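Thank you for passing this model on for comment.

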Amino acid sequence: MFAAETAAEGGLREALQRLAAGTCAIVRVPDLLQGALGDLVARVDRADFEPYDEERLDPPILKFGPAVYDYYTRGQLADAYWEMAERARSAVLDLYGGADPAAAVLRRLGTELGIPVRPATIGGRPLHVGILREFPTGSKIHYDEVVREFPGHLDNEPLVQLAFNLHLTAAERGGALTVWRHRWIPADDTRKDGYGWAPEVVADVPSATVLAGPGDGVFFDCRNFHQVQDFEGGRRIALAFFLGFTMNGELIAWS
């Protein structure tokens with residue numbers, strides 16, 4: 001009832017249904033972009049990475065592109081976000097030679113799921129979808145849940161939130177993703193550790209782990225506590241965004 005699985009050809013819809021229902025932990029899709037990896041990796045080497053807000057995230061995580069997380073302060077999304085999102089659209093097209101791999105993933109999801117797929121909006125304005133993330137080391141145990149972290153701000157809030165990562169490069173050793181079958185409860189904050197939580201918060205909790213390789217797409221319910229394990233050698237870079245199933249039967253995406 002809580003294991004990682006690999007989506008068979010043509011089986012992504014059923015796999016994501018199980019993931020959304022909580023009857024599997026992680027869905028891996030090998031060679032998601034079907035042979036386009038080499039060109040993407042060559043282009044990613046030219047990306048100008050910068051850290052997330054270092055006052056919030058330590059150890060640091062590097063990114064290329066704007067994340068809502070960095071612009072949500074004092075209960076609202078800062079105006080500077082929209083300027084950065086517009087600049088990012090041009091930067092993404094320049095980096096990828098006029099293509100947008102995040103848009104390609106969303107098109108595939110729309111085709112395979114048979115439902116509308118679009119960027120999430122705030123005040124009718126679309127959010128940026130698709131950032132490159134590089135983990136210089138493993139992450140802390142944490143969760144991501146937009147309706148808890150940014151309540152009432154998306155025009156259509158998701159009933160289910162997933163995270164997506166398209167792995168472009170992989171570490172030489174380690175770097176696996178572990179997801180625990182545990183969602184945040186207030187008592188967990190007695191074990192807070194910086195931006196994350198101490199390992200005791202998930203002691204004796206069922207978990208699943210997947211070590212993704214270059215080209216693999218990985219989906220998981222990021223409302224569950226999760227962690228990128230420590231690793232050595234190489235660079236661990238992924239194209240990342242969030243997905244949410246809404247009450248009106250759409251799939252929305254944002255970063």
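**Notes on the model**

1. Strand S13 (residues 177–183) and strand S18 (residues 224–228) run antiparallel and are joined by 4 bridges, where strands count as paired if DSSP finds at least two bridges between them, and where strands (E, at least two residues) and helices (H or I, at least four) are DSSP runs numbered from the N terminus. Within this pairing, Arg183 has Asn224 of S18 as its bridge partner.

2. On the basis of the work, this is a predicted model, in which local features need pLDDT of at least 70 and side-chain atom pairs count only at pLDDT 80 or more, whereas totals for chains, interfaces and linings use all residues. Residues are numbered from 1 along each chain as its sequence is written, and side-chain values use heavy atoms, with hydrogens and water left out.

3. Strand S18 is mostly covered, since 5 of its 5 residues are buried; buried here means under 20% relative accessible area, exposed means over 50%, and partly exposed lies in between (1.4 Å probe, protein chains only). Asn224, His226 and Val228 point one way from S18, while Phe225 and Gln227 point the other way, and all are buried. In a regular strand the side chains alternate between the two faces of the sheet.

4. In soluble globular proteins, nonpolar side chains tend to be buried together.

5. Which residues surround Val27, leaving aside its neighbours within four places in sequence? Val27 is in contact (heavy atoms within 4.5 Å) with Glu5, Ala7, Leu12, Ala15, Leu16, Leu19, Gly217, Val218 and Phe219.

6. The structure holds 0 disulfides, a disulfide being a pair of cysteine sulfur atoms within 2.5 Å. Cys24 is in no disulfide, and the nearest cysteine sulfur, that of Cys222, is 14 Å away. Cys24 counts as buried at 4% relative accessibility, and Cys222 counts as buried at 0%.

7. The structure holds 10 aromatic pairs, for which rings of Phe, Tyr and Trp (its six-membered ring) must have centres within 6.5 Å, with planes under 30 degrees apart counted as stacked, over 60 as edge-to-face and the rest as tilted. The rings of Tyr72 and Phe150 have centres 4.5 Å apart and planes at 65 degrees, so this pair is edge-to-face. The pair links distant parts of the chain, 78 residues apart, with Tyr72 in strand S5 (residues 72–73) and Phe150 in the loop between helix H6 (146–149) and S11. Tyr72 is buried at 13% relative accessible area, and Phe150 is buried at 10%.

8. The rings of Tyr81 and Trp82 are likewise edge-to-face, because their centres lie 5.1 Å apart with planes at 80 degrees. Tyr81 counts as buried at 0% relative accessibility, and Trp82 is buried with a relative accessible area of 13%. Elsewhere, Tyr143, Trp184, Trp197 and Phe225 form one aromatic cluster.

9. Lys63 lies over the face of Tyr52, at 5.7 Å from the ring centre, and Arg236 lies over the face of Phe135, at 5.4 Å.

10. Arg235 is placed in the loop between strand S19 (231–232) and S20, and counts as partly exposed at 33% relative accessibility. Not counting residues up to four places away in sequence, Arg235 touches Asp45, Phe49, Glu134, Thr169, Ala170 and Ala171.

Technical notes
Lys NZ or Arg CZ within 6 Å of the ring centre and 35° of its normal.
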